[in-house]
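Visitor: I would like to go through this model with you. Could you put it up, please?

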Amino acid sequence: MPGYKNLSIRQKQIVWAWAFLAVPVVFYVVIRFYPTGSAFVTSFQEWNLLGTRAWTGLENYEKLWNDPVFWKVFRNTFAYLIIGTPISLVISFVIAYHLDKTRFMHGFLRMLYFLPFMTSAVAMAWIWRWFYQPVPVGLFNNFLASMGIPQIEFLNSTTNALPSILAPAVWAGLGFQVIIFMAGLRAIPVTYYEAAKIDGVGWWTVLTRITLPLLKPTIVFIVVFSSIGFLRIFDHVFNMTTNNPGGPLNSTKPLVLMIYETAFRDFDMGYAAAQTVVLFTILLVVSLLQLWLLRGDATK
Amino acid sequence: MFKLLRRTALGGMTALASLIGSSAMAVEIEYWQYFFDARVDAMEQLIEKFEAANPDITVKMTHFPYADYRTKVAAAIPAGEGPDVVQLFYGWLNDYIEADLIQPLPTDVFDPARIDEEFFPMVQAMKRDDAYYALPTAVRSLALFYNTRLFDEAGIEAPPATLDELVETAKKLTKVDGAGNITQVGITTGMTAQDHHWWREVLVRQFGGEPYKDDYKTVNYTDDAGLAALNFYVGLEKDHKVTKSGFMDEPQAAFKGNRAGMHIDGSFRIGSLNKVRGLKWAVAELPAGPDGTKSNYSSYWVNGITTKATGEKYDAAVKFLDYLTSDEAMQVWLDIVGELPAKPSVGMIDANATHETYGPFIKGLAYANTTKFANESAQRQAMVDMVGRIDIEGQDPAESLAAAASEEQKILDDYYK
């Protein structure tokens, strides 16, 4: 390589940096960017997976705009986000806050909270689905019935089904968030707390003036991460409502499930791709918005 | 020859003699079907018998979960990696032909005139331009499964023969606890299982209607007959309180768990019910309508030869398909899967037609209709939602029926445009 010798050290560094970077770049282009781009292209086509593709322009997007099921699904998706994120954030913070102060069996307790996160979502969803069944099989309803309380329609109801599915989803994600929160709490320098103690400040002030502000980067991370998770919810819903996916009457159907059904039940790939593009846009906007709202220097 | 040499090098000299002796002329073909225990068992036996009769052909079976099936086939055949003989649902034939995934069966082996004569007439839907594209080994129909132990317990002597008797029988079989919760249903219901077929092709016709017009391109159940059929169906839960949709999650689960007196299901269920210990059951023909009308629904999976099969693989595929549609194969399929032979010559032999389990299904074939679906799952969803709106939201049945009809018509219009 004659040219290589004439390069300055800095230029050589750049060459080597790119040589090493080339591997992940190629990897990402082939398995990430190419399919993404291809989904954009497919969203302007009509294709049933078997035949040839035909260009249809914006037809898929027009169909989406005029599809009442899409708007229902759109609302559901945001319901998962708007209910799920704050609830899981508050619960996981409360758990982490107290777990952080517990010395007794600390490691064991932490493991207990983390276990659900490691369990397969499918297995978990089926167990919860059994919990929710009506008498005589369901755990919750059998309990209610034995106490003489009327049964609750958990899953076979247009109002209860979505929260019923959200509950195990929140529960399953808690372990991860608790761990992250605890790492955040441990990262706060002890000197702040010592200073506060010397000044004789109450726990509430410590919490709101020291702990929470210093946890801001952690909170931003968890909010963005769990929002993306709830916007992409699929496995819990699909497995808890397999007989009538996203039902009853589309009351629990999230966008990802609609995409799945359009693609692999109706074999309408173009329409499914258009929905994917919409989901991608939503995820992008929501994430950027959250980063913008919650940005700022943590030490301010 | 090169392949042989390479194999020889790998396998060592001792293998040489056997290679030349037995498999030098061998051809391997691939067969794909979706995964269902009994179907896989049956096919394994058929392949074994076929290979014994044709030592120069080996058949490799691959199966996938139902949900992935169509996607895999569509991706594999154009890539030259798929099956030579493929199983597909009768409703997918048009899509497969249009996409050039399967080829017509050779008329010298599969003479259309002979097939017209020998098979049940419903298979004629597989014919295009005087050639068959695919043929079934077996067909399926519906019947009423009933739990004989619960029948004895309730002192019921015979399964219901009419819809009125069905309601009366179901009432005797229903059990409720002190709080009024159903703990045992008289009859299972759930449009998510086979009930949408029962409603569409059986109840609607029994109440004097015809579910579709123009060769299943136009929805036609919005008349009084359709409404009467719907009212009867939802009445089982609402008025007679003999059932609860979603009871024990799935109708077949309730029946398997001895918590349901009666259950309408397809012949393919026989195999899995046979495996349930402690369950005593029998089968009867579907109850007749108010004026005595009998009706049933039948469907089938077919086997076709893909466009990937050429040359000697094509010849082997033809031989294999010929075997799959033989009387012998049909009997094996019936015995293992419980699906009914596609030829009267096998189905109607005395041992089968009067068989206490298969008989009612086979009799049902004589008056069965086969729905031509554009998108079976989506069309079923319209039925699921129709009942859901009445059950959960208390919508007026007539309104819900009209909404379901317009939803389903949209699916049909999109498909046939």
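Guide: Among contacts in chain B between residues at least 6 apart in sequence, 73% join residues at least 24 apart; a contact means heavy atoms within 4.5 Å. This is a predicted model, in which local features need pLDDT of at least 70 and side-chain atom pairs count only at pLDDT 80 or more, while totals for chains, interfaces and linings use all residues. Residues are numbered from 1 along each chain as its sequence is written, chains are lettered from A and ligands numbered from 1 in the order in which they are written, and side-chain values use heavy atoms, with hydrogens and water left out.

Visitor: How many helices and strands does chain B have?

Guide: Chain B has 19 helices and 16 strands. These are DSSP runs numbered from the N terminus, with helices being H or I of at least four residues and strands E of at least two.

Visitor: And why is chain B called as compact as a globular protein of that length?

Guide: Its radius of gyration is 24 Å, close to the 22 Å that the globule rule gives for 417 residues, so chain B is as compact as a globular protein of that length. The radius is taken over C-alpha atoms, and the rule is 2.2 Å times the number of residues to the power 0.38. Along its principal axes, the C-alpha trace of chain B spans about 80 × 50 × 40 Å.

Visitor: What percentage of chain B is buried?

Guide: Buried residues account for 55% of the 417 residues in chain B. Buried means under 20% relative accessible area, exposed over 50%, and partly exposed in between, with a 1.4 Å probe and protein chains only.

Visitor: Which sense does its pairing with strand 3 of chain B take, parallel or antiparallel?

Guide: Strand 3 of chain B (residues 85-89) pairs with strand 14 of chain B in the antiparallel sense over 5 bridges; two strands pair if DSSP finds at least two bridges between them. Val85(B) is opposite Ile305(B) there. Strand 7 of chain B (residues 134-147) also runs antiparallel to strand 14, joined by 6 bridges, with Ala134(B) opposite Gly304(B).

Visitor: What about strand 16 of chain B?

Guide: Strand 16 of chain B (residues 368-369) runs parallel to strand 14 of chain B, with 2 bridges joining them. Tyr297(B) stands opposite Asn369(B) in strand 16.
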